[in-house]
Structure formats: structure tokens, C-alpha cells
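I opened a notebook for this structure and wrote down what I looked up, in the order I looked.

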Amino acid sequence: MNETLQAAVTGITNRFKVQTAEFRGDVTLLVSNDKVVEICTVLRDEFGFDSLPLETAVDYYPKTSPRFHVVYGLYSLKTHQYLYLRAPVEGEHPHISTVESVFKSANWREREIFDLFGIIFDGHSDLRRLEMPPGWEGHPLRKDYPLGYEEVEFTFNFDEIELRKPKGEL
Amino acid sequence: MREIQEFSLDDLKHLLSPRALTGETVVLNMGPQHPSTHGVLRVILELDGEIIVNAIPDIGFLHTGIEKNMEAKTYAKAEVMTDRMDYIFTIGNNLVYCLALEKLIGLPVPPRADSIRVILTELQRIQSHLIWIGTSALDLGAMSVFLYSMREREMILDIFELVSGQRMMTTYVRPGGLWRDVPAQFNELVQQVIDIMPRRIDEYESLLTKNTLFLERTKGIGAIDVPTCLQWNISGPTLRAAGLAQDLRKTNPYCGFEQYDFEVPTQTKGDVYSRYLVRVAEMRESVKILQQALDKMPFGPTLTYNPKFIPPPRSEIGVSMESLIHHFKLWTEGYLPPAGAVYSSIESPRGELGVFLESDGGPNPYRVHYRTPSIPLISALGILSKGHFVADMVAIISSVDLVLGDADR
């Protein structure tokens, strides 16, 4: 870990309750769910992490508490370094506050996470599905969502296949 | 038949101006099958006369669940799917996956493989910019540029076919190096491209750079400044056209890019014309990198020897029991990288292309996420097009160089 990154990590660990981990040179801070917006603001304003190239989630099913991790990757255009944050999210009613107010690019990234993982971002301005159609049921990137192997539908056998499909919850 | 799920105007109420609901402005659908959307992009436009008040992009028509599918395959097999995302920067997609995997495992890469990786990604960058220059000129009504740029692209695709047997979906870059060494004619063919490209780029420039019709359609259109780019996390030529010289090949070098001497071209206006100038200059820089990489290309192996992760050479399997066992294990079970998460990124022709790879210690990737440059570009279309004419929307969409396969995955 080099000096500027070290300064940012110490700055955050002094002020917030976080765990630090380093793997293959990538420094990750495990932060608590409700402090994400504050920490992102501090990192942007005081330590120069001025863009958010990465925001995604990981599902640790069948673990339920916490089931998800939301991963943030921040990048500093001055020092050209990455810093990663991870926030645990409960499996029962997955909620986390949006970082849209800090980085506008989080808007679509969070829409994608909401679409594919079903994590609700509180305070998000436009929480619609991004990849899947608007009325889709289920969240495909969850580990308990089946991979598929659907039959290919054509116009002539559409209704027939539709009848055979399992109904109910996924 | 299944009901086609659609947005209603009510769903988009918060994105449109209040005048849309009273009927003062018109809400118009553009795409997803519009020829100028470069794939299947749908944009919902709110128009005041011919002026765009709001543009709401809608993606997902090419969503194929590649990230989900990769979780069900071994690391080696999952790589084949990565070509299919950004279908005009396929080698880069392989490369970034391999870089992440190499970082996760700690695999070294031989210098010759690095140098060939550089040559191939730079060739692909030129190829991608050629498609871009052709199609975006076509969108503005300049037909002939497309024909010329496809001619040079053919030369580059022939090189890919020579090295890998495939013109586009090569899967040539593998964890720990390359599939195999390049054939003997490779250097000669790359040298041909290097020799011919500067003259050909001059040709495109003579068709467009001072063309009054082209200037009228592109100057001052779709301008964006650096702070807005950073807010929306826009990278690549669009950011450099706005004035910030951010290039991951310079700032976070991979594959030995630090040894090559090249400039990062920038412009200041951030409009469609600046993006055109930046891309043309980038092609010239790529030619410079190609020449240096070709001259410096060292001899040696192109794949690391590590039978725990990389299949041993065919010649060994017949004579060595261990190699046979390794080969069998690698193709049935796969390999087991250590548990942990890594992120690595490269500079694609559109911006930062990154891979977030998480392993739980098993043979399949636990989670793969592609951080694609097209998503920020599409999400900013509304900002870029505000206040311009509908006809300029075509110029703006093509100017940011979006690939829908890259955005939807």
C-alpha cells in the first residue's frame, strides 16, 4: 500500500468503524451499510477519489445475514489509484442508501444492481429495471435463481411451450 | 401470445418535463430498430418542436445473461463468452479477463506474450475506430468513408484470422499468455498495416476534416465538459475530447505499456467534432505503438509453464504421466484459484473496460462483473442531446461510439 492510499485508509479508519483487507494489492474497506454515503463523500472531498468506475454486488446465498455485499470501486484521477468499499446488505429486505448524491454515475449502476439482485436503493431518483423487461419476475443474478435451459420459442410452438413452463415463484 | 411489456408515460413521469403531460411537448420513440442506433438502443425523446427537451435511453435488448452464465462454467470455459460482449473489441475483452485471473492466481506472463497482446489490442483499437469513423460518417450522410475504412479493417481482420483461425471471436489471449505463438507471416502483415495506415488516415481526413457539410453537422454539437464527464464517469475518447488526458495505458499501465512512447491526444471543446479529431489522432498513436512493439518483440515462450493452471504442451502428454494427469484434471475439474476478489481494467476504444472477479476457491468464478464503458456513455445521452435538434441526435449517438453488446452483456 503506498502513501496516498495509506493516508486515505487511515483517515477513514480513524473516523469510522471499518475493517481493512488487502488482497493482491487491492485495498478493500468493509464499511457498515448506513455509513456508505458519508464515507464516499469524505473520500471524494478530502482524499481526491473523484470517480466511481465500479459498483456491483455479490450474492452469498445461502448465507442470509448478510446475504449480499455491494462493492464500490473508487478511482482517483490525481494519484491514479483504486480503493474498494464493501457494504453488507441483509437478505430478508435488502436495502441500502444510494450514493447517487455523491457520484451521478451510480444512477445506472444501481439500477442494474436493483434489476439483477433485487437490492433496493433508498432515495434513488429513478429505480427502474435496466436490463430486464419492466414486468420481469425475479432477479437473475441471485444465486437461487435457476440458470434456465429454456426451450427456444418460435411462433408456431409459442403457446405450447408457454403451457409447459413452471409457474409460480422462481 | 405473451403480452409485450411496455413503459407507460406514467412510469417515466419523473423524467419528463411537466409540459409532456399536458401535451405541449411531444414524446417520441426512437429505436430500438433505428439504423443509426448502432445496435438495439431505444431512446425516448421529448420534443418541443424539433428541439430535444429530454432524452431517456432504454437498453437491455441485447441482454444475454453472460455474467450469470459465466458463473456456471470453469474459468477456462468462461473466457469464451467474454468475446461476445463488446463484439468489436473482442481481444480486449479476453485480455481484461485474463489480467484479472492472472492477478487472482499470481501467474506471470512471458514478455513475448505481452508484446503480442499489445500489438493485437492496438490493431483492434484501430479496427474499432475504423468502424466508428465509417459508421458515424455514414450516419451523417457521407457514404464513401465507410467503404474505405472497411477496406483497411479487412486487413486487420485477416491478421486475426491468421493468428487464431477466427476473424472476430478469437479467444486468442489465454490466462498466462497466448493460445500459441504467432505464425511466421505475422510480422510482415502487421508491418504492412503500419506502412499503409498513416496514408489511409490522411485519406479519411481529406474526406472529413475540412468538409463543410461534416463541420456543420458536428461542430458545437453534443458538447460536454470535464466535471460532467467525471460525474457520469465517462472515460475514453469522450473524456479526452473534453480536455482531460486520462488514459489507463499511461496512468495504470498493463502488458508493459509503460515502455512505449506515445501521446494521449486531447481536445478542449468536447463536442462531436473534437471526438472525431481525438479518435483520428489516436489511430496515429496506435500505429506508433505498433511499430515500437513490433521492433522490440522479444523471442521466447508465449505461455507460462505452470501445469497446475495451464494445460501442459501436447508433446509432453504422450511421454509424461504427470502431464497427462494435469491435462485430465484441467479439462474435467478445472483449476482452483485462491479465494478473494480482484479488479483489473484496461483502456478500450470507448473508455475504461474493467473486470471484477470474485473467487470462492472453487473451479467456477463466483461472480464476474464487466465494468463496461458503454453504460456511462449511454446514460449521458440525455445530457449530451439536450437543446439540440432531432437530426443531431444521430450525430451524438454515433459520436460517443457505443456498443450495445458491451452495455447489455
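Entry 1, a pocket in chain B.
I began with the second largest pocket, which holds about 580 Å³ of space. I note here that the model is a predicted one. The lining of this pocket has 25 residues, and those closest to its centre are Arg174(B), Leu303(B), Ile310(B), Pro311(B) and Trp331(B). H3(B) has the largest share of the lining, with 4 residues. By residue class I found 17 nonpolar, 4 polar and 4 charged residues in the lining of this pocket.

The largest cavity contains about 120 Å³ of space. It is lined by 15 residues, and the list of those closest to its centre reads Leu77(A), Asn233(B), Ser235(B), Gln246(B) and Glu352(B). Two elements give two or more residues to this lining: strand S3 (51-59) of chain A and helix H9 (226-231) of chain B. I sorted the lining of the largest cavity into 8 nonpolar, 5 polar and 2 charged residues.

I went on to the second largest cavity, whose volume is about 40 Å³. Its lining consists of Trp132(B), Ser136(B), Leu140(B), Phe214(B), Thr218(B), Val272(B), Tyr276(B), Ala395(B), Ser398(B) and Ser399(B). Helices H5 (111-139), H8 (212-218), H12 (272-296) and H17 of chain B are the elements that give two or more residues to it. Which of them gives the most to the lining of the second largest cavity? It is H17(B), with 3 residues. This lining divides into 6 nonpolar and 4 polar residues, with no charged ones.

Entry 3, a sheet in chain B.
I looked up a sheet of chain B next. It is an open sheet of 3 strands in the order S1-S2-S3, and the pairing is antiparallel. Why is one side of S1(B) and of S3(B) left without a neighbour in the sheet? S1 (26-30) and S3 (51-58) of chain B stand at the edges and have a single partner strand each, so one side of each has no neighbour there. On average, neighbouring strands of this sheet are turned by 25 degrees against each other, with direction ignored. Between S2 (residues 42-48) and S3 of chain B I found 7 bridges, and these two strands run antiparallel. One pair I wrote down is Asp48(B), which has Ile51(B) in S3(B) as its bridge partner. H17 (residues 390-399) of chain B packs on this sheet and touches S1, S2 and S3 of chain B. The direction of H17(B) makes about 145 degrees with that of S2(B).

Entry 4, chain A as a whole.
I turned to chain A, which has 4 helices and 7 strands. From the N terminus on, its elements run α-β-β-α-β-β-β-β-α-β-α. Along the principal axes, its C-alpha atoms fill a box of roughly 65 × 30 × 30 Å. Of the 170 residues in chain A, 51% are buried. I also took the contacts in chain A between residues at least 6 apart in sequence, and 51% of these join residues at least 24 apart.

Entry 5, strand S2 of chain A.
Is S2 (residues 26-30) of chain A largely enclosed or left open? I found 4 of its 5 residues buried, so the strand is largely enclosed by the rest of the structure. S1 (residues 19-23) of chain A is joined to S2(A) by 5 bridges, and the two run antiparallel. In this pairing Phe23(A) stands opposite Asp26(A) of S2(A). The hairpin of S1(A) and S2(A) has 2 residues between the strands, and Arg24(A) takes a positive phi near 55 degrees. S2(A) is also joined to S5 (residues 81-89) of chain A, by 3 bridges, and here the strands run parallel. Leu30(A) stands opposite Arg86(A) in S5(A).

Note on methods. Residues numbered from 1 in each chain as written. Chains lettered and ligands numbered in written order. Predicted model: local features only at pLDDT ≥ 70, side-chain atom pairs only at ≥ 80, totals over all residues. Heavy atoms only, no water. Pairing = 2+ DSSP bridges. Axes fitted to C-alpha atoms, helices over the stretch in contact; angles between N-to-C directions. Contact = heavy atoms within 4.5 Å. 1 Å grid on protein atoms, 1.4 Å probe; cavity = no way out; pocket = protein on both sides within 12 Å on 5 of 7 lines; lining within 4 Å. Points joined across faces, edges and corners; volume = space filled by probe spheres on them. Nonpolar A, V, L, I, M, F, W, Y, C, P; charged D, E, K, R; others polar. Buried < 20%, exposed > 50% of the residue type's maximum accessible area, 1.4 Å probe, protein only.
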